[in-house]
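Here are my notes on the model, in the order I would go through them at the screen.

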Amino acid sequence: MRLLTILLFIVLSIAALLLPWLIKEPDVKVPDQSVTAHLPAIPEVEVKRDLPDFMSMTDVTEKKEEFFRFLLPLVEAENIRILHDRAYLKAIYERYKNGELTAADKKQIEEWIDYYRLEDDIAIDDNLFGLLKRRIDIIPEMMVLVQAANESGWGTSRFSRKGLNLFGQWCYSKGCGLVPTGRVEGGRHEVAQFDSVNASVKSYMRNINTHGAYLDLRLLREQKRLNNADILARDLITGLSSYSERGEDYIEELRAMIRINRPIVERVSEELNPPPQPE
C-alpha cells in the first residue's frame with residue numbers, strides 16, 4: 001500500500017510538470033492597440049431609454065439645443081466605434097496581402113460580413129475588402145442630427161416617443177413596431193421600436209452603410225476618401241433621395257436644416273467637447 005502511494009505521488013508530480021506543455025493556448029488575438037492609437041478612445045455613453053420632454057419646450061432655440069445636446073454624444077460614439085473598426089480593417093488587409101491572416105482575423109471578417117449584410121459565401125479577396133472599406137465608414141454628425149430632427153419632429157413624434165425611433169425606420173414582421181396610422185390596406189410595414197435611443201442611432205447608421213438604396217451615398221463618400229477630402233453632410237445628403245417619397249424636395253429640406261442649424265450644433269459641440277486648457 002505504501003509503495004502504491006509513492007508511485008501515485010510520482011505520477012502526479014510528473015503530470016504536474018508536463019501539464020503546462022500539454023495545454024494548447026487558445027487562438028485568441030488581443031486587438032493591437034497601436035492600430036487605433038491615433039484615434040480617440042470609444043466613449044462610454046449612457047444608455048438612453050427615454051427622451052427628454054421635448055413637447056413641453058416652447059422656446060424653439062432651447063428645444064433645438066436640448067435635442068442636439070441629447071443626441072450628439074451617441075452619434076459621436078458610434079462614429080468613433082466605426083473608425084476603430086475601419087483601422088482594424090486596414091491592418092487586417094495588410095496581413096491578408098502578406099498571406100498572414102490569423103484565425104482571429106478570419107473570425108472578425110465573418111462578423112463584418114454578417115453585420116454589413118454581405119453574402120455569407122463571399123470569398124476573402126480584394127473585392128471583399130473593397131466592399132467592407134466602402135461600408136465601414138462614418139456618417140457625418142450633422143447629417144444624422146438633421147435627419148433625426150426631421151423624421152422625429154424634434155423628438156415629439158409618436159414613433160420617437162413610444163418607439164425611440166428617431167429616424168422613421170421600418171420593419172416588416174408583425175408586431176416588430178408601431179403600425180402607422182395612414183398605412184394603406186394590405187400594407188405590412190411597421191415603424192420599428194427600439195429598446196434605447198442608442199440602438200436607434202446604431203440601426204440607422206447600419207442602414208445607411210448597408211442598404212442598396214444608399215449605394216450612391218457610399219460611393220460619394222468613397223470618392224471623398226480617395227481625394228483626401230472631408231466627409232461632409234452637405235455633400236452626402238445628395239445620396240438620400242430614396243430615404244423619403246419626397247425625393248429631391250426632401251434633400252432640399254435637409255440642406256436648409258443644415259444651413260440653419262449648423263451654428264447651434266457647433267455651439268453645443270463646443271460645450272460638450274471643450275478644448276483642453278493649457279497647464
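1. First, the burial cut-offs: a residue is buried under 20% relative accessible area, exposed over 50%, and partly exposed in between, using a 1.4 Å probe and protein chains only. On that scale, 39% of the chain's 279 residues count as buried. Keep in mind that this is a predicted model, where local features need pLDDT of at least 70 and side-chain atom pairs count only at pLDDT 80 or more, while totals for chains, interfaces and linings use all residues. Numbering runs from 1 along each chain as its sequence is written, and side-chain values use heavy atoms, with hydrogens and water left out.

2. Now the overall layout. The chain has 10 helices and 3 strands, where helices (H or I, at least four residues) and strands (E, at least two) are DSSP runs numbered from the N terminus. In sequence order the pattern reads α-α-α-α-α-α-β-β-β-α-α-α-α. Contact here means heavy atoms within 4.5 Å. Taking contacts between residues at least 6 apart in sequence, 64% join residues at least 24 apart.

3. The sheet is quick to describe. Its 3 strands form an open sheet in the order E1-E3-E2, with antiparallel pairing; two strands pair if DSSP finds at least two bridges between them. Strand E1 (170–171) and strand E2 (177–178) are the edge strands, each pairing on one side only. E2 pairs with strand E3 (residues 190–192) in the antiparallel sense over 2 bridges, and Gly177 stands opposite Ala192 in E3. As background, strands of a sheet pair through backbone hydrogen bonds, either parallel or antiparallel.

4. How do H2 and H4 pack? Their axes are 11 Å apart, at an angle of about 170 degrees. Axes are lines fitted to C-alpha atoms, for helices over the stretch in contact, and angles run from 0 to 180 degrees between N-to-C directions. Angles under 35 degrees count as roughly parallel, over 145 as roughly antiparallel, 65 to 115 as roughly perpendicular, and the rest as oblique. H2 and H4 are therefore roughly antiparallel to each other. On the H2 side, Arg86, Leu89, Ile92, Tyr93 and Tyr96 meet Asp126, Phe129, Leu132 and Lys133 of H4. That contact has 6 nonpolar, no polar and 3 charged residues, with Ala, Val, Leu, Ile, Met, Phe, Trp, Tyr, Cys and Pro counted as nonpolar, Asp, Glu, Lys and Arg as charged, and the others, Gly among them, as polar.

5. The other helix pair to look at is helix H5 (residues 141–152) with helix H10 (residues 248–272): their axes come within 9 Å and cross at roughly 115 degrees. This makes H5 and H10 roughly perpendicular to each other. By class, the contact of H5 with H10 has 9 nonpolar, 3 polar and 3 charged residues.

6. Thr36 sits in the loop between helix H1 (2–22) and helix H2 (60–97), and is buried at a relative accessible area of 5%. Beyond residues up to four places away in sequence, Thr36 touches His84, Ala87 and Tyr88. Leu74 is in helix H2 and is also buried, with a relative accessible area of 5%. Setting aside neighbours within four places in sequence, Leu74 contacts Lys48, Val197, Asn198 and Val201.

7. Next, the loop between helix H3 (103–115) and helix H4 (126–135), where Ile124 lies. Ile124 counts as partly exposed because its relative accessibility is 34%. Apart from neighbours within four places in sequence, Ile124 is in contact with Tyr96, Leu101, Ile109 and Phe129. From C-alpha to C-alpha, Ile124 and Tyr96 are 8.9 Å apart, and 28 residues apart in sequence.

8. Last, a backbone check. Arg117, in the loop between H3 and H4, has phi near 55 degrees, a positive value in a residue other than glycine. Asn228, in the loop between helix H8 (215–226) and helix H9 (233–236), likewise has phi near 55 degrees. Is Asn228 buried or exposed? Asn228 counts as exposed, at 73% relative accessibility, while Arg117 counts as partly exposed at 47%.
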